[in-house]
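User: I am new to reading protein structures and would like to go through this one slowly. Could we look at it together, one question at a time?

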Amino acid sequence: MTFRLVPRPGQSADAGSANVVDMHPESARLTFRDMTPDDLDVLASLLGDPEVMTYYPRPKTRAEAAQWIDWNLGLYRTHGYGLWLLTTADDGFVGDCGLTPQVVDGVTELEVGYHVRPALQGRGYATEAAAASRDFARDVLGATRLIAIIHPGNRPSQRVAEKIGLRPEKRATVHGGRDAIIYAAALDQR
């Protein structure tokens, strides 16, 4: 798999100065890009959708969607990755997917996360994006382990995790008291 060098605003695409901050996963049908404040409308719609947020405590407000963008902007700056905005070749908004550090049982783990618009669910976009993010974690970041934190009732998300090679490892209490199944896999280095 190859990864695309994407310059941030004000940077050149000179590969000689490239680092992980300049790269994004790639997949056959999806484009990954950094979120920006201009994405608030589409992300507020996604994260505010009761169907998308079924396994969260509640849908996010517009202000919380703005905080979601800010959180990811901070992740890009500090880690060089986060959740990326997903679009199709014709710039159709799909959702978000990517990698975030998450604390589980006192240990910081690398998690793959994904959200897809309800109208586009069932088309394999979440699996494609999660697999590209997994490959990015392994091949670009050099990660040796990947997890997904999934609500016990969220069978569609569990299937995505399984399709990319993650397996149920344990139950845990996360994010302020929520019960979750931790899916995990060792990432074999190529």
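**Reading the predicted model**

User: What separates the C-alpha atoms of leucine 85 and cysteine 97, and which residues does leucine 85 contact beyond its neighbours in sequence?

Analyst: Leaving aside neighbours within four places in sequence, leucine 85 is in contact with several residues, among them Thr31, Phe32, Val42, Leu43, Phe93 and Gly95. Leucine 85 and cysteine 97 are 12 residues apart along the chain, and their C-alpha atoms are separated by 6.7 Å.

User: Which side chains make polar contacts with the side chain of histidine 115?

Analyst: Histidine 115 lies in strand S6, residues 107-116, and with a relative accessible area of 7% this residue is buried. Its contacts, not counting residues up to four places away in sequence, include Trp68, Val94 and Gly95. The side chain of histidine 115 makes a polar contact of 2.7 Å with the side chain of tyrosine 56, and another polar contact of 2.7 Å joins it to the side chain of aspartate 96.

User: Where is valine 94 found, is it buried or exposed, and what separates its C-alpha atom from that of valine 42?

Analyst: Valine 94 is found in strand S5, and because its relative accessibility is 0%, valine 94 counts as buried. Not counting residues up to four places away in sequence, valine 94 touches residues including Leu30, Leu86, His115 and Tyr125. Although valine 94 and valine 42 are 52 residues apart along the chain, their C-alpha atoms are separated by 9.4 Å.

User: How many residues does helix H2 have, and what do its buried residues pack against?

Analyst: Helix H2 runs over residues 62-79, which gives it 18 residues, and it reaches 25 Å from its first C-alpha to its last, close to the 26 Å expected at 1.5 Å a residue. Its buried residues include Ala65, Trp68, Ile69, Asn72 and Tyr76. An α-helix has 3.6 residues a turn, so residues three or four places apart point the same way. The buried residues of H2 pack against strand S3, helix H1, S4, S5 and S6.

User: How are H1 and H2 oriented relative to each other?

Analyst: The axes of the two helices, H1 and H2, come within 9 Å and cross at roughly 115°. Because angles of 65 to 115 degrees count as roughly perpendicular, H1 is roughly perpendicular to H2. H1 passes H2 in a right-handed crossing, where Leu40, Asp41, Leu43, Ala44 and Leu47 of H1 meet Arg62, Ala65, Ala66, Trp68 and Ile69 of H2.

How values were computed
Residues are numbered from 1 along each chain as its sequence is written. This is a predicted model: local features need pLDDT of at least 70, side-chain atom pairs count only at pLDDT 80 or more; totals for chains, interfaces and linings use all residues. Side-chain values use heavy atoms; hydrogens and water are left out. Contact means heavy atoms within 4.5 Å. Helices (H or I, at least four residues) and strands (E, at least two) are DSSP runs, numbered from the N terminus. Buried means under 20% relative accessible area, exposed over 50%, partly exposed in between (1.4 Å probe, protein chains only). A polar contact is a pair of N or O atoms within 3.5 Å; within protein, one must be able to donate a hydrogen and the other to accept it, and residues adjacent in sequence count only if both atoms are side-chain atoms. The expected span of a helix is 1.5 Å times one less than its number of residues. Axes are lines fitted to C-alpha atoms, for helices over the stretch in contact, and angles run from 0 to 180 degrees between N-to-C directions. Angles under 35 degrees count as roughly parallel, over 145 as roughly antiparallel, 65 to 115 as roughly perpendicular and the rest as oblique. A crossing is left-handed if the near helix is turned anticlockwise from the far one by less than a right angle, and right-handed if clockwise.
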